[in-house]
Amino acid sequence: MNEQRERLKVLGAGIFSLLLAMGVARFAYTPLLPLMQQQAGLGIADAGWLAAINYGGYLCGALLASLVSDLVLKDKLYRIGMILAIASTAMMGLSTDPTVWAISRFVAGLSSAAAMLFGTGLILNWLIRHQHRSELGIHFAGIGLGIAGCAAAVALMQHWLDWREQWFALTALGCLLAIPALRWLPAPDTSGLTRSGEKLEDNPPSPLFMRLFMAAYFCAGVGYVVSATFIVAIVDRLPGMAGQGTLVFLALGVGAAPACIVWDLIARRIGDLNALIAAAVLQIAGILLPLAGGLPAALAGAMLFGGTFIGMVSLVLTMAGRYYPTRPAKMMGKMTVSYGVAQILAPAITGWLAASRAGDYAVGLYLAAGVMLVGSVLLLVLKVVQRREANAQATLCPQT
């Protein structure tokens, strides 16, 4: 019973860290974007650049994660990241200077990398050491809950608070979320052994597998970031849909909240790569559905998108942790660098395209769907490579 309670506290720390760093510090920008454009003078192209800068901070955090192997240092950086998440949220309400906003978005990106990579790696390492199932579905529910919670909070607060006051209210919320995120995660165990005394050993994939995997994850990054950043603005500009964007973003979060648990169950039955392929194909449909017109299509697309993009992230990072149980954040960081580069390029390109098309962000959805199609093909190729390498390994090391 005590062990189960400790497991729930560790997973709870991860959930609250994602609520803070991903929900408040990072994704609150999406539902607040139209309000900042109306009240704070944020331009269309600038909105895209701020999103790109945010992902630039996330990329820098991913690069750092790929270089750091020491668990104690990872723990310190995770805790610093939680404080930065609060600071970056407060900064958004302190000024109308785009430079201040840019610094805030960069710092928010760093903090989200701390939660997604250092926090996730520490939690997965703890689960493996204590011989729990190495799945992160419960942990990653924090992202969907953060998206839905922020969308609901913005929808509620906009009746009484302006854009600046909403950022300050979210800062206060972030201070509360930081308490369990910091207190419930135990200090890391550096022994290199499981609870039963077994030695943890890494089992890295081949270089070819890694190259294809990173390329496919780059495509997933493009597929994710356009909708995640601009879906509120896109929906608000569709015919007859003005003011419905926040509701659609809320649906995205609702779809994402249980998704990782569901994809964990799917992966148990059909395998990790097959689950990734299924999620990628469904995500293409989720990206394009809002363009069909009407609120039902937009809500269905948002829920499908939310239920697949976070599933792909969870599956990929879980796979990375299984390949490197002694230092899970290392491969997670490398994969996220690929994902992060896409998250820098795609918002900037989408913002530029939207500015040239009188504020029409919808073109970005076509871009995202096309790149996701390429990523799906790469995952199919990756499955062939995995099968071929498994057969070669079986030939070299036949069972006795």
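Arg79 and Asp75 both belong to helix 4 (residues 71–92), where they sit four residues apart, about one turn of the helix; helices here are DSSP runs of H or I with at least four residues, numbered from the N terminus. In this predicted model, local features need pLDDT of at least 70 and side-chain atom pairs count only at pLDDT 80 or more, while totals for chains, interfaces and linings use all residues. Residues are numbered from 1 along each chain as its sequence is written, and side-chain values use heavy atoms, with hydrogens and water left out.

The two residues form a salt bridge whose closest N and O atoms are 3.0 Å apart, the criterion being a side-chain nitrogen of Lys or Arg within 4 Å of a carboxyl oxygen of Asp or Glu. Asp75 counts as buried at 10% relative accessibility, whereas Arg79 is partly exposed at 24% (buried means under 20% relative accessible area, exposed over 50%, partly exposed in between, with a 1.4 Å probe and protein chains only).

Two salt bridges are found in the whole structure, and one of them joins the side chains of Arg322 and Asp272 at 3.0 Å, N to O. Because Arg322 lies in helix 12 (residues 295–323) and Asp272 in helix 11 (residues 272–288), the pair ties together parts that are 50 residues apart in sequence. Arg322 is partly exposed at 34% relative accessibility, and Asp272 is partly exposed at 22%.

## Ser112 in helix 5

Ser112, in helix 5 (residues 98–129), is buried at 0% relative accessibility. Beyond its neighbours within four places in sequence, Ser112 is in contact (heavy atoms within 4.5 Å) with Ala21, Met22, Arg26 and Tyr58.

Terms used
Helix = DSSP H or I, 4+ residues; strand = E, 2+ residues; numbered from the N terminus.
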